[in-house]
Amino acid sequence: MSKNREVSTNHVPEIDTQPIQLLEKLCNASAVSGDEHEVRQIVLEEVSPLGDEVKVDALGNVLVKRLGQRKNRVRVMLAAHMDEIGLMIVKKHDNSLFEFDLVGGIDERQLPGKSVLVGRDHLPGVIGAKPIHMTTTKERKNKIPVSSMRIDLGPEIGDRVKPGDRATFATRFEILGPSICAKALDNRFGVAILIELLRHPPDTIDLLLAFTVQEEVGLRGARVAAYTFDPDMAVAVDSTPAYDLPHWDEEDENVQYNTRLDGGPAIYTMDRATIADRRLVYWLAETAQDEGIPWQLRQPGGGGTDAGAIHKVRSGIPSISVSVPSRYAHTAAGIARLDDWANTQRLLQAALARLTPDLLSGEQRG
Amino acid sequence: MKSLIKKLVETPGPSGFEYQIRDVIREAIGNTADEIRVDALGSLIAKRGTRSESGMRVMISAHIDEIGLMVTHIDDNGFARFTNIGGINPLTCYGGRVLFMDGTRGVIGMDGIERGKTPKLTDLFIDVGATSKEDCPLKVSDVCGFERPFLDLGKRLVAKSMDDRIAAAIAIEVLRKLESTPHEVHFVFSTQEEVGLRGATTAAFGVDPDVGFAVDVTLSGDTPRRSTKMMTALGDGPAIKVRDSSFIADPRLVDWMVKTAQGAGIPYQLEVLEAGGTDGRAIQMTRSGVPAGCVSIACRYIHSPSEMVDFDDVDNAVKLLVKILSEPIKLD
């Protein structure tokens, strides 16, 4: 890599205090897949005064309609998942040590020694690890399986925990200069962006917002949300890994970075779940170009977003994803740039404002 | 028909990028269909006939996409790294030639691999003859397919994309040969099959058929060591699918296809495929569920740049489908 744009020191991020405070609240909330209650409450509080129609569907998605004014409006679905990866309490052992399972994609090697918050009351606990004093060299070379890990909550607090309770990392939201450090940036970024769009809705389209559930366990909420909305097209707004780190131990160039911090919104062309509609790729890329918004293509390859479920619903829905890049996704603490967030917001705002039915009138030509 | 096959197999069209092959198919169909439309995911749907009292709404699905590659990175020296579109075997990549949608050509190279070791996709790269990043005509997200001319060996035909252009050729030929039908037939030339039956999924919802058939290739068990656990063999007739790992064909349809083949004296074989799937699953699972089956063409070396089929099997598949569509379909 080594070609990262320098972060300019005199630049003031174009994000107001209000959205930052909202993102902080969203990131600090617990919403492990299937128990999105806490984030849903924040979303409902924010969107209820703004939407023409707000409802919570059978799976727990928040669906918001905001109709435009112009004739021949495109009905655009924007989806952002409210859920995050996390842990689920499975079994209680003596002394309030709890066995747990993983919810969504987590690399178990990064779990030991982490502080967690358990259940809706955010009860503090820790994933214990054998201290280095007691481990052998051989032990330190092996990975510790989840089945050997326990969450330690102590006796009194442990009494308030039961199987099925979720746990999240205890990381609290922080601003570090031009960056944000937080858990669950995947995908509270998307949630915050959709709320902000609703505050400044383009009049030219029908805005159909889906704050979805259970994305991290298989794009489940988005599928039924798309069925309900039956939109003309869809954009999944998410957060994607940036692995833009130098290969300090190799001579090789880093050719698998996925995205880079400071590169701007990451536009998708293909992941394992979706081949993006090329008409929509050009729509977003040209908007960015015209508006002078930095942007990048997410490297085609693995992963998946809500678009993977949405585009296959009913007779098919032209779909694309755009993500805010973030380092260390699906770990206890991610690092992302305020500027990448702001530019993703700007790109969507500008792209939606210029959207007309012409975009979808011709066949996809590649 | 061979000239149609040649045209179809030589046109590039990896999953999601079927616009050129779709144009070729639209032209080949000409006025043999009553109505042609393209759905949101790019599948071309040609409608033929009206439903009589004894008729059904029938979906025939042949996928027009093929496996391919997509550029993920251009390095400082102008080499392009790539990811797979569909099931690419790294073994068949090295030394292969690729054709990008804009006509750019290149070869697949490899380094850092010990002799005799199987490469991973990340060990491979595309070389389009560039000398640096600056003069490389490629950009991230560009798409290519394998390039290999059609080979006519008389009875046997070889091409990079018999999977599943041979089925597209069969469907077009059926449209041409079908004189009358009691059914409303929707010939779906579906997209994105190789990445998960996506085009057929949305097309089936749109068509809302009473009954459906996929037409696709299947493995053959007739190579020297017979190591593929399959009864199917090139030249033994179109294969009537009993099951694969994506779906179990409706047994009533299987019986109906067998009876029709027997009645018309068309050779056929039965197919049990332990791994693999077809558009048949997408049809079966749409809406409230649809009886679905599949007519397969036994094919050697699937997903390599040289896939081989038997021309008589192709011809007999056309005959079988024309026969099935010319008469009422009875499911009991």
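Is B:H303 buried, exposed or partly exposed? B:H303 counts as partly exposed, because 19 C-beta neighbours lie inside 10 Å. The scale behind that word is this: a residue is buried if 20 or more other C-beta atoms lie within 10 Å of its own, exposed if 12 or fewer, and partly exposed in between, with C-beta atoms placed from the backbone.

Before I go on, some bookkeeping. This is a predicted model, in which local features need pLDDT of at least 70 and side-chain atom pairs count only at pLDDT 80 or more, while totals for chains, interfaces and linings use all residues. Residues are numbered from 1 along each chain as its sequence is written, and chains are lettered from A and ligands numbered from 1 in the order in which they are written.

Back to B:H303. This residue has a positive phi of about 65° and is not a glycine. Most residues other than glycine have a negative phi, and most peptide bonds are trans. B:H303 sits in the loop between β16 and β17 of chain B. Helices and strands here are DSSP runs (H or I, at least four residues, for helices; E, at least two, for strands), numbered from the N terminus.

A:A184 is not a glycine, yet has a positive phi of about 60°. Its place is the loop between β11 (179-182) and α5 of chain A. A:A184 is buried, because 29 other C-beta atoms lie within 10 Å.

Now the cis peptide bonds. The bond from A:D186 to A:N187 is cis, with omega near 15°, and A:N187 is in helix α5 of chain A. In chain B, the bond from B:D163 to B:D164 is cis, with omega near 10°. B:D164 belongs to helix α3 (residues 162-177) of chain B.

Next, the cores. A nonpolar core is a set of buried Ala, Val, Leu, Ile, Met, Phe, Trp, Tyr and Cys residues joined through C-beta atoms within 7 Å. The largest has 121 residues, and A:L78, A:A79 and A:I310 touch the most other members. Helix α5 (residues 185-199) of chain A gives the most to this core, 8 residues. A second, separate core has 71 residues, including B:I21 and B:I45.

What does A:A79 contact, leaving aside its neighbours within four places in sequence? Among its partners are A:A210, A:T212, A:D306 and A:I310. Contact means that two C-beta atoms, placed from the backbone, lie within 7 Å.

On to the strands of chain B. Why is strand β13 (residues 211-219) of chain B described as largely enclosed by the rest of the structure? Because 9 of the 9 residues of β13(B) are buried. Two strands pair if DSSP finds at least two bridges between them. Strand β3 (residues 57-63) of chain B pairs with β13(B) in the parallel sense over 4 bridges, and B:S61 stands opposite B:A214 there. Strand β16 (residues 292-299) of chain B also pairs with β13(B) in the parallel sense, over 8 bridges. In that pairing B:D216 stands opposite B:S296.

There is also an open sheet of 3 strands in chain B, in the order β10-β11-β17, with antiparallel pairing. Its edge strands are β10 (151-153) and β17 (307-310), each pairing on one side only. Strand β11 (residues 156-159) of chain B pairs with β17(B) over 4 bridges, and B:A159 has B:E307 as its bridge partner.

Now the domains, whose bounds come from an automatic or database domain assignment. Chain A is divided into domain 1 (17-84 + 183-360) and domain 2 (86-168). Their centres, taken over C-alpha atoms, are 31 Å apart. Their contact takes 13 residues from domain 1 and 12 residues from domain 2 of chain A. Chain B is divided into domain 1 (2-66 + 160-326) and domain 2 (68-146). In chain B, 12 residues of domain 1 are in contact with 12 residues of domain 2.

Last, the two chains together. How many residues of chain B are in contact with chain A? There are 26, and they meet 19 residues of chain A. The largest share of the chain B side, 5 residues, comes from α4(B). By class, that side has 10 nonpolar, 11 polar and 5 charged residues. Here Ala, Val, Leu, Ile, Met, Phe, Trp, Tyr, Cys and Pro count as nonpolar, Asp, Glu, Lys and Arg as charged, and the others, Gly among them, as polar.
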